[in-house]
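Q: I would like a close look at a single part of this structure, followed by an account of what lies around that part. Please keep the wording plain.

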Amino acid sequence: MSILMFSFRNRKKFLALRRGLHFYNSVYYKFKCGIQNNFSPLAILAKLCQSSMEFLKLLFTRVSIYKWLFLLIRKEGTKMCVNQQRELRFIVAQKCNYDCTFCHGEGLQTPKEALLKPEDFRFIFNVGKKHFGLKTTTLSGGEPLIRKDIVDIADELYHEEAIITLTTNGYFLEDRIYIGNYIKRVNVSIHSLKKEKYELIVRRRNVFHKVIYGLLKLREKYPDVDIRINSTLVDGINSSERDILDLIRFAERLDASIKYVELFPAAMKGFVPLGNVEEFLKRNGFFSIPSQTRKVTLFNGFMEVNLTKIFCATAEDHNKPGAFCRNNNDLFISPDGRIKPCRNNLKEVDILDSVRSMDEESLVKKIKEAFDLLGKNCIISKDASKH
Ligand SMILES: C[S@@+](CC[C@H](N)C(=O)[O-])C[C@H]1O[C@@H](n2cnc3c(N)ncnc32)[C@H](O)[C@@H]1O
Ligand code: SF4
């Protein structure tokens with residue numbers, strides 16, 4: 001009985017501490033992101049601090065003129081809360097073991113053979129880094145983990161200092177667990193925590209538990225890898241308030257962030273506007289953090305929840321979608337060594353020969369050509385002629 005009382009009291013203390021931390025974190029982020037009193041000394045201090053802990057320490061020490069100078073010189077502190085840079089995205093495999101109801105397959109309509117070898121990815125990234133200042137890359141698909149040599153691909157890119165994100169449905173995570181040695185972040189698509197709903201969306205049976213097992217194993221083995229849960233919302237299946245809160249709690253326990261994706265196109269059956277989710281989250285203790293990117297980011301002091309549309313849907317919201325695409329879109333490289341500047345356009349730039357012959361000059365020219373094609377003849381753009 002006394003043990004029970006002891007643990008009960010401790011739990012109460014723990015919950016109070018957690019509530020306090022939660023409150024403090026939300027105050028810090030409100031100052032940092034200019035939600036509260038943008039120009040007050042506290043807001044400026046919060047913006048200059050790199051973490052809520054640093055802010056806390058400074059609140060209780062005298063901030064001398066030297067400290068202010070130090071904070072001002074250290075520019076990282078003045079960055080926006082969320083930052084984004086364009087990148088090379090490798091569609092490493094077009095095939096997939098799932099058949100999701102809404103899948104757009106990253107715009108690859110015709111089947112592409114996986115012709116690029118691990119060392120080819122390294123060469124392409126090296127050229128992107130040297131000539132275009134690209135630092136990050138994403139391995140996506142189809143399903144990237146379907147490739148047996150995916151760990152070798154990640155290894156090659158890692159040795160080129162690429163900051164790697166893997167976007168996966170998670171089914172083969174357990175089998176390719178050593179990829180955790182090379183990646184900075186993994187985005188795992190978990191559309192629901194209910195087995196039946198998950199399997200209804202991916203149109204495969206008895207797959208759910210393997211995905212969750214792989215994810216837990218990754219977290220245990222690689223605590224430093226950032227995990228983000230991706231969930232595409234489908235009305236009537238996984239978009240209820242209960243579904244959303246369950247997934248957020250799961251992400252919190254996993255020390256992961258979470259991203260809800262709006263279905264594209266909006267005309268698709270099951271479309272749920274992200275505004276509905278934003279409203280619901282705000283009623284449940286979340287507030288939004290200003291962002292330069294296409295995402296809406298909400299935070300409750302502990303958990304970050306991103307609400308996002310796929311690129312074309314965001315471009316559609318701009319008055320010049322073509323120009324927006326040209327200035328912001330990533331370059332997608334298909335598994336057969338082609339750059340595909342637009343999911344709605346058949347035009348591609350073939351880089352396979354330049355890669356195979358390791359012809360740096362010709363690859364640079366082709367990458368420039370592909371960047372130049374971004375946003376041209378955009379079918380959703382009224383400014384197509386001007387791009
Ligand atoms: C194309 S998949 C590729 C990587 C991997 N197979 C996966 O499912 O994560 C990347 C993400 O796009 C999302 N997605 C696919 N088709 C979509 C659509 N029509 N609308 C919104 N999101 C979509 C998926 O849910 C997934 O989270
Ligand atoms: S798992 Fe990814 S690539 Fe495969 S069908 Fe689903 S969304 Fe498409």
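Which residues come nearest to ligand 2, and how many residues are around ligand 2?

A: The model is a predicted one. Around ligand 2 there are 11 residues, and those that come nearest are Cys-96, Tyr-98, Cys-100, Cys-103 and Asn-169. Sorted by class, the shell around ligand 2 holds 5 nonpolar, 4 polar and 2 charged residues.

The other ligand can be described in the same terms. Ligand 1 is surrounded by 18 residues, and the closest are Phe-102, Ser-189, Asn-230, Thr-232 and Phe-264. The shell around ligand 1 divides into 7 nonpolar, 9 polar and 2 charged residues. Three strands each give at least two residues to the shell around ligand 1: S2 (136–141), S3 (163–168) and S5 (226–232).

These strands belong to a sheet. The sheet is open, has 12 strands and shows mixed pairing, in the order S7-S8-S9-S6-S5-S4-S3-S2-S1-S10-S11-S12. Its edge strands are S7 (287–289) and S12 (349–350), each of which pairs on one side only. In general, the strands of a sheet pair through backbone hydrogen bonds, and the pairing is either parallel or antiparallel.

With S2, strand S1 pairs in the parallel sense over 5 bridges. One residue pair here is Ala-93 with its bridge partner Gly-141 in S2. S1 is also joined by 3 bridges to strand S10 (residues 331–333), and these two strands run parallel. In S10, Phe-332 stands opposite Arg-89. An antiparallel pair is formed by S11 (residues 338–340) and S12, over 2 bridges. There, Val-349 in S12 is the bridge partner of Ile-339.

Next come helices. Helix H9 (residues 241–253) lies across S5, S6 (257–261) and S9 (304–308), and its direction is at about 150° to S6. Helix H7 spans residues 195–202, and its buried residues are Tyr-198, Ile-201 and Val-202. Viewed down the axis of H7, these buried residues fall within an arc of 90°, so they line one face of the helix. Helix H8 (208–221) is part of what covers the buried residues of H7. Helix H12 (residues 321–328) has Pro-321, Gly-322, Phe-324, Cys-325 and Arg-326 as buried residues. The buried residues of H12 pack against helix H11 (311–316).

The stretch on either side of H7 has details of its own. Lys-194 is in the loop between strand S4 (185–189) and H7. Because 16 other C-beta atoms lie within 10 Å of it, Lys-194 is partly exposed. In sequence, Lys-194 is 43 residues apart from Ile-237, while the C-alpha to C-alpha distance between them is 10.0 Å. Just after H7, Arg-203 has a positive phi of about 55°.

Some points of the backbone deserve a separate note. Most residues other than glycine have a negative phi, and most peptide bonds are trans. Glu-161 is not a glycine, yet its phi is positive, at about 65°. Glu-161 is found in the loop between helix H6 (150–158) and S3. Glu-161 counts as exposed because it has 10 C-beta neighbours inside 10 Å. Met-358 is not a glycine either, and it has a positive phi of about 50°. Met-358 sits in the loop between helix H13 (352–356) and helix H14 (360–373). With 13 other C-beta atoms within 10 Å, Met-358 is partly exposed.

The bond from Phe-264 to Pro-265 is cis, with omega near -5°. Pro-265 is in the loop between S6 and helix H10 (274–283).

For the chain taken as a whole, the secondary structure comes to 14 helices and 12 strands. The chain has 387 residues, of which 35% are buried. Among contacts in the chain with a separation of 6 or more, 70% are between residues 24 or more positions apart.

Methods:
Residues are numbered from 1 along each chain as its sequence is written. Chains are lettered from A and ligands numbered from 1 in the order in which they are written. This is a predicted model: local features need pLDDT of at least 70, side-chain atom pairs count only at pLDDT 80 or more; totals for chains, interfaces and linings use all residues. A residue is near a molecule or strand if its C-beta atom, placed from the backbone, lies within 6 Å of it. Helices (H or I, at least four residues) and strands (E, at least two) are DSSP runs, numbered from the N terminus. Ala, Val, Leu, Ile, Met, Phe, Trp, Tyr, Cys and Pro count as nonpolar, Asp, Glu, Lys and Arg as charged, and the others, Gly among them, as polar. A residue is buried if 20 or more other C-beta atoms lie within 10 Å of its own, exposed if 12 or fewer, and partly exposed in between; C-beta atoms are placed from the backbone. Two residues are in contact if their C-beta atoms, placed from the backbone, lie within 7 Å. The arc is that of the directions from the helix axis to the C-beta atoms. Two strands pair if DSSP finds at least two bridges between them. Axes are lines fitted to C-alpha atoms, for helices over the stretch in contact, and angles run from 0 to 180 degrees between N-to-C directions.
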